Amino acid sequence: MQDWKSQKKPFAAIATAPVFWLALFFIAPMTIVWLYSFGQNAGPADIDISGTLDNYKRATEWLYLSIFLKSLAVAALTTLICLIIGFPVAMAITFAAPKWRPWLLLGIMLPFWTNLLIRTYALMALMGTNGYMNKGLGELWDGASWLRTLVGMQPLDAWTPVQLLYNNFAVVLGLVYVHLPFMVLPLYSALDRLDKSLIEASLDLGAGHFKTFMKVVVPLAAPGIVAGVMITLIPALGAYLTPDLMGGTDSQMIANVIERQFKRANDWPFGAALSFLLIYAMFILIALQSMRANKVKEAR
Amino acid sequence: MSETKVPIIQIRNVSKRFGKVTAVDNVSLDIRAGEFFVLLGPSGCGKTTLLRMIAGFELPTEGQILIDGQDMSLVPPNKRPVNMVFQSYAVFPHMNVTDNVGYGLRIAGVSKGEIRDRVAEALELVKLGGFEDRMPDQMSGGQRQRVALARSLVMRPKVLLLDEPLSALDAKLRAQMQFELADLQDKVGITFVTVTHDQDEALSMASRVAVINKGEVAQLAPPSDLYEYPANRFVADFVGSVNIFEGTLTLDEPDKAAVDCPGLGKVYLNHGVTGPHGANVWIALRPEKIYLHVPGEGKAVRAAAQDAPDGHNLARGTIKGMSYLGDVTLYDIQLEGGQIIRVSRPNLSRHDQDDFTWDDKVSMHWRADSPVVLLS
Amino acid sequence: MFNRTAIAPLEYTRKLWMRSWVGLTMLFLYAPLIVLMIFSFNDSKRNVVWKGFTLKYYEKALNNDSLVEAMVNSLTIAFLATIISLVIGALAAVMLWRFRFPFKGLVEGTMSLPIIVPEICLGVAFLIFFAKVDWPTDLPWPLNLSAITIAHITFCFPFVAMVVRARLASFNKEEEEAAKDLGATEWQAFRDVLLPHIKPSLVAGALLAFTLSLDDFVITFFTSGPDTITFPVKVYSMVRFSVTPEVNAASTILIILTVALTFIALKYQGVKGISDAH
């Protein structure tokens, strides 16, 4: 690595574009938002940056705080489900024969590369009251009913389609559907780096597969788990489209509230304050994670 | 042989500092045209830094480097008349052998026909004829090294720099390449400057060696001088194995000297001590120069008396360790004072190694021209 | 399953429950997409009962001017954003890899922020920014897409930088020195030695940027206007108001495009490259 002073011209040639772009098109916009969060509406098109904290105060009212907490809960639940589903998948890829591995990875990643909107829409089509999921459940219901008649019991009432969409269940399902590939990748990365002979040693010493899994694999794959959790939790927390399309009136997440401030309520300063609170929440999460990582390092 | 003209490389009071660390400390030396010059030293001693300064990848903090009389302070590496073979060989992975070897010529704008001829010539020289279309990942480490060599030699530099050329090769290949490099240098006739930490390499290939310790030149001499006349304890210990004892001069004349070493005894030399010195000196004695005798029959005394006064160049001890190496046996002998002296004894006949064994008492003697006085 | 050889203790993937789990997951991931694609050929206005095979919704989709326009816009934005992101991202990667400079940590941290900050916040920021600086809104095509493109580049180039930086880490610096030693100038050494080394990461980065751009909804939603409709935004309005198989047809086209791109990249990288890249 060279000191920039020793090669000023190449450094300038290389560094100007990225730094300039970052400053103009990222730092500047974010700064304006931050400033706006201290402002208030002063007329139909003007915003007066008055240094007021009203927006932040309003953001901490129970109405909005509860949505915040609910978003966190939904995101956490989504992450947990993704972790449970994703870990065995990551293990399967890690321990697959080398010639299948890239294909399995591709299989998991390909949906991620298709448009979010399309994926959400496709899932919704299946979950509608006349969709295949309901049809499938209906078949199961009828099947159970028929089994009951076999045993001499009364058949069940006729199947009425379940409301699968436009509720919290749909939102969580949708978020899991969208974020699952995100979780698998860091898990696979961590498991791949794991020394397989450690598992063999554990088995050799008498531990069963499940014990080995809990006492050897999971602790050693911990960094990957944490990475996967962060990569899933944070985007899920800020999700907009899934709750918007698949949620009901009480399934709003924080991103939907923010959007409303800009597209409908026209209260940009308040929306700015909410946005920044979301950003601060993310930073806290990241800080917690790196503090934990440092603690682990110290403990070694 | 070099005539009395300007040395091809002159390093004048060169120092290199990285922050608080001094890697090279006021080094001055001259490298003559046609030499096989080796910079020898332990890791971190500054030898590679010195090499890179000659190549131009580091600039001296102080001092000058002149190549063929020209000051190189402002000359960037791509304009210097030297070429380097890197420790990792640095063969371009995305080009085949021909393109690799011809790279420098292409940059220089040499005509296609001439490139073709010179590349073929270079490949012949390093015995890689037939490898023209191979890709680096299809070749072994030794073959890649030859590509790197050919790539540098094809440029016809005034000096070829080699950074630890043999360290990545296995023992057999290393021995082979030592011969080949020396042979190559002979054929091509250009100056070679090599950096290594392996003293065997240095001794076998070099015409002169500069031993570097902590950024300074500990000694600059041909290999035999380095071994037989080390200038200080560092060189004596680094090149080959050696027994070193501290002592005081009891006789200090231009043509003879004697030193009294506690623990070893009295040492007599049939030459004087050169250079300014005080009474405190060290004696260096190489293991192969000490003779072992069965004690009690006066053999050692008689042998020592042949070229030294009474009581000098004699010692007694007990064998505490033995290593049979096939051609020689190494003995670690504990002296009366408690120190261990190492003796190397050739197995001249098939059962020589049976002559002595553990806990045997032995007497030793050495010739008056064997010890070396070290002043530092 | 029928095993020809016994399953070794570590061959988890050959165990039945593992295979079922993966199989079900794959089913979960792909079933909606496959059903969507199948129903794009369904001869019925509603999406649930198979009435017969038809291509008429593809016809409708391709004849839907606003849809086609939206598609073209999205592709244009993705194309432009990819090229510029590639350049800026590669430069950023080289800058961080090669130089020590004051505030380097700060620059490095700031550069990863567009990836971390939630999309909604970025979208809001761009909306506010372009409003505040009075970004012109009546430029001719393709300049009218500039606001969206700028926003896309901003969140794409850090990804490119990440990919290129990872590849730079494995570069043997002695190769560059060797080129210089043989007479190459700074620029020639970069062109002949460094660039070929990072080429795979440039391809990967370009693909990543293109997909991210084409795929994006939230940021595009906030930076596009009534006369700069992009594909995801158009589909969004179609989904909200009138769900017909036309949407399926348009979606299928996009899916096929994405898959095709992926396979082209694969051909280039080699399938092994995917697992290696991790």
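In strand E1 of chain C, Arg100(C) is the bridge partner of Asp3(A). This pairing belongs to a parallel arrangement in which strand E1 (residues 2–3) of chain A and strand E1 (residues 99–100) of chain C are joined by 2 bridges; two strands pair if DSSP finds at least two bridges between them. Strands (E, at least two residues) and helices (H or I, at least four) are DSSP runs, numbered from the N terminus.

The model is predicted: local features need pLDDT of at least 70 and side-chain atom pairs count only at pLDDT 80 or more, while totals for chains, interfaces and linings use all residues. Residues are numbered from 1 along each chain as its sequence is written, and chains are lettered from A and ligands numbered from 1 in the order in which they are written.

Within chain C, the domain assignment gives domain 1 (12–56) and domain 2 (58–276), with bounds from an automatic or database assignment. Their C-alpha centres lie 30 Å apart. Domain 1 of chain C brings 10 residues to their contact and domain 2 of chain C brings 11. H1(C) gives the most to the domain 1 side, with 4 residues.

Definitions and conventions: Contact = placed C-beta atoms within 7 Å.
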